[in-house]
Amino acid sequence: MKLIVNGEAYEAKRHESVSALLEEMGIGGRPVVVALNDEVIPSSSRSACGLREGDRVELFRLVGGG
Amino acid sequence: MTPQMPAWLDPSPWLDGRESTPADVERALGCDAPGPRELAALLSPAAHPFMEVMAQHARALTQRHFGRTISMYAPLYLANYCTNGCAYCGFASDRIQPRRRLELPEAEDELAMLKGMGFEEVLLLTGERTSHAGFDYLLECVSLAAQRFHAVGIEAFPMTTREYALLAEAGCTGVTLYQETYDPRQYDRLHRWGPKKDYLDRLDAPARAMEAGMRTVGLGVLLGLSDPAFDAVCLLRHAVHLQREHWKSGITLSFPRLRPQSGNFTAMFPVDEAWLAQLVFAVRVVLPDVPLLLSTRERPEFRDGMAGLGISKMSAGSRTSVGGYGEAEPMTEGQFQVSDTRSVPEFCSMLRNRGLEPVFKNWDSVFRDAAGGEHG
Amino acid sequence: MERQDKAQDAWVVGGHRFSSRLLMGTGKFQDAETMVRAVLASGAQIVTVALRRVGRIPREDDMLGPLGELKGITLMPNTSGARNASEAIRAARLGRELCGSPFVKVEIHPNPHHLMPDPIETFEAARILAAEGFVVMPYMPADPVLAKRLEDVGCASLMPLGSAIGSGRGLATVEMLRLILRDARIPVIVDAGLRSPSEAAAALEMGCDAVLVNSAVAAAGDPVAMAAAFAQAVKAGRDAHRAGLMPQGGGTALATSPLTAFLSEEGQ
């Protein structure tokens with residue numbers, strides 16, 4: 001499935017849910033926040049949240065900052 | 001039932017009974033951000049040896065924030081009808097005296113006379129809200145005054161926010177309302193009957209005026225009614241509270257003083273000139289940029305000395321009977337006795353001799369929002 | 001709302017009570033370990049973090065895992081990187097999701113060189129975020145009128161800058177800070193531009209409720225030791241403020257003809 005992840009084209013093999021996508025990307029266990037088409041998907045909803053062709057996924061994590 | 005002082009007003013943390021020391025006074029004078037504690041120290045007996053130093057601080061601060069100027073205004077008593085029973089006031093409802101109000105044509109004449117004397121700021125006064133001189137009457141008078149004067153203040157009775165907003169639209173730029181005394185028990189005792197008995201409503205009224213968009217609110221205490229240091233710290237607390245909550249409006253402060261024998265009322269806590277001077281200096285130090293007023297209730301020599309030493313705004317040539325500017329003989333008794341009876345030119349001449357410039361116009365009504373007043 | 005909890009000298013922001021008056025930023029450190037040790041040495045209870053997109057194959061050092069495990073620390077995401085209110089609002093919502101806390105430092109600096117905060121975008125973002133229930137702590141120019149406007153729209157605190165981020169110019173805005181402090185009804189936290197612990201102490205001495213430091217610690221020779229020094233300075237400054245500084249010298253000389261001569265005349 002073709003998705004846009006963090007602004008770049010991405011071919012997802014696992015796309016049945018947001019959780020699955022994260023696992024495929026190797027960031028399954030990491031604290032990240034997921035925005036799907038500009039909507040924040042809470043972690044509790046990720047396994048139930050499906051993906052569609054062309055969806056925009058943005059992933060954020062905390063880094064150092066002032 | 002004596003009302004409870006709200007927490008923001010309560011001065012007790014700073015009037016803890018501990019005697020202030022000369023060191024406290026020095027600390028207060030050198031403090032970067034003086035507050036109630038510093039005011040209490042500056043008002044204490046320990047500050048007496050510092051009076052000259054305080055006067056110098058007061059003068060320097062007044063010059064810094066107001067220049068070498070004195071803002072001029074004139075009071076106009078519109079009516080002396082009153083339903084209150086204030087023990088200390090010449091207009092109390094049990095005082096037998098002629099009562100009248102200015103009809104609009106008479107008010108016009110009085111306003112024209114004041115304008116002719118050079119004034120650009122007028123303060124319209126009435127007693128408590130009555131059927132003779134209530135809100136509608138006041139609104140009409142404000143509209144009339146606003147046609148001639150750039151700054152129109154009222155000193156009348158507590159009103160609702162809506163009423164204040166209507167007055168602001170009509171051209172009222174300031175509301176003066178003295179709490180008289182902040183001591184709830186003393187307040188209750190002195191205000192024997194009438195709507196003014198409601199301490200909390202009166203206390204809250206200046207805030208309502210600010211909410212309604214009034215540019216300025218005048219606070220004050222009538223010195224002599226209660227422990228003056230207590231009232232002074234409360235006045236400061238009230239002023240600071242309003243400045244924090246309503247940052248777009250300005251405040252002014254006044255310290256009318258019951259002269260030892262005013263009419264039939266003897267002040268329970270008489271305040272002499274020296275104490276009043278100390279109060280003015282102290283308040284100037286603690287609130288460097290707030291206009292401080294002194295009326296013609298005080299004698300000429302005292303007013304001459306205090307002009308510019310903290311005092312930044314004064315009336316002159318005042319009449320305290322109803323109308324009074326157009327009559328040879330007043331038809332009613334004055335609310336208080338005028339001690340400084342000098343004419344406006346005489347008073348201004350004195351100011352100039354002391355290096356102060358009288359300023360009659362400080363603001364232009366053309367700045368008023370066309371839709372009618374600011375709504376905060 | 002009372003700014004201070006007089007009993008233990010705690011301060012209250014957004015309904016939360018804190019005893020430490022030193023806030024720490026986590027940016028610019030050479031590595032996660034130093035950053036965490038510095039935060040611990042500072043005693044800070046509020047620690048700012050930023051948001052970045054996570055790479056497809058994350059290579060970066062996980063700066064914040066260990067921080068998240070520390071007890072007693074509130075992570076406060078900043079919106080740094082946002083150039084306008086909508087970006088800041090979006091970042092705030094993402095940050096809340098990640099940190100699980102309602103705290104947000106609204107930081108909007110469109111110019112990447114001097115990093116000065118945009119007052120208009122900051123006000124807009126603060127207004128909207130406060131209405132959404134965030135504990136809004138706006139990074140702002142030290143402007144007394146802007147301070148009241150931000151208060152009016154529901155900010156939980158004010159974070160006026162001391163001087164430009166990373167400039168180390170200290171409390172260049174001291175006179176403006178005095179005006180802000182005079183009329184503030186919410187805590188005032190000086191943020192940005194502090195270089196030395198003495199500057200932090202000075203901020204607390206003058207009455208500020210707290211300070212936030214980042215560059216001054218991260219870029220110090222020994223960041224962990226510097227963080228500890230800042231902690232001591234903040235406490236010293238606060239204690240001094242409560243103790244009451246002695247009056248400044250330079251009293252006025254008496255004039256030759258006293259101003260108060262008229263008072264000894266006959267009067268009543």
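## A walk along one helix and over to the next chain

Start by selecting residues 344–353 of chain B, helix α12: its buried residues are B:V344, B:F347, B:C348 and B:L351. Buried here means that 20 or more other C-beta atoms, placed from the backbone, lie within 10 Å of the residue's own. The helix itself is a DSSP run (H or I, at least four residues; strands are E, at least two), numbered from the N terminus. Look down the axis: these residues sit on the same side of α12(B), because they cover an arc of only 95°. That arc is taken from the directions between the helix axis and the C-beta atoms. An α-helix has 3.6 residues a turn, so residues three or four places apart point the same way.

Before moving on, remember that this is a predicted model, where local features need pLDDT of at least 70, side-chain atom pairs count only at pLDDT 80 or more, and totals for chains, interfaces and linings use all residues. Residues count from 1 along each chain as its sequence is written, and chains are lettered from A and ligands numbered from 1 in written order.

Next, show β1 (69–77) and β11 (357–359) of chain B: the buried residues of α12(B) pack against them.

Now bring in chain C. Which residues meet? The contact (C-beta atoms, placed from the backbone, within 7 Å) takes 28 residues from chain B and 24 residues from chain C. Select α3(B) on this side: α3(B) gives the most, with six residues.

Conventions
Two residues are in contact if their C-beta atoms, placed from the backbone, lie within 7 Å. A residue is buried if 20 or more other C-beta atoms lie within 10 Å of its own, exposed if 12 or fewer, and partly exposed in between; C-beta atoms are placed from the backbone.
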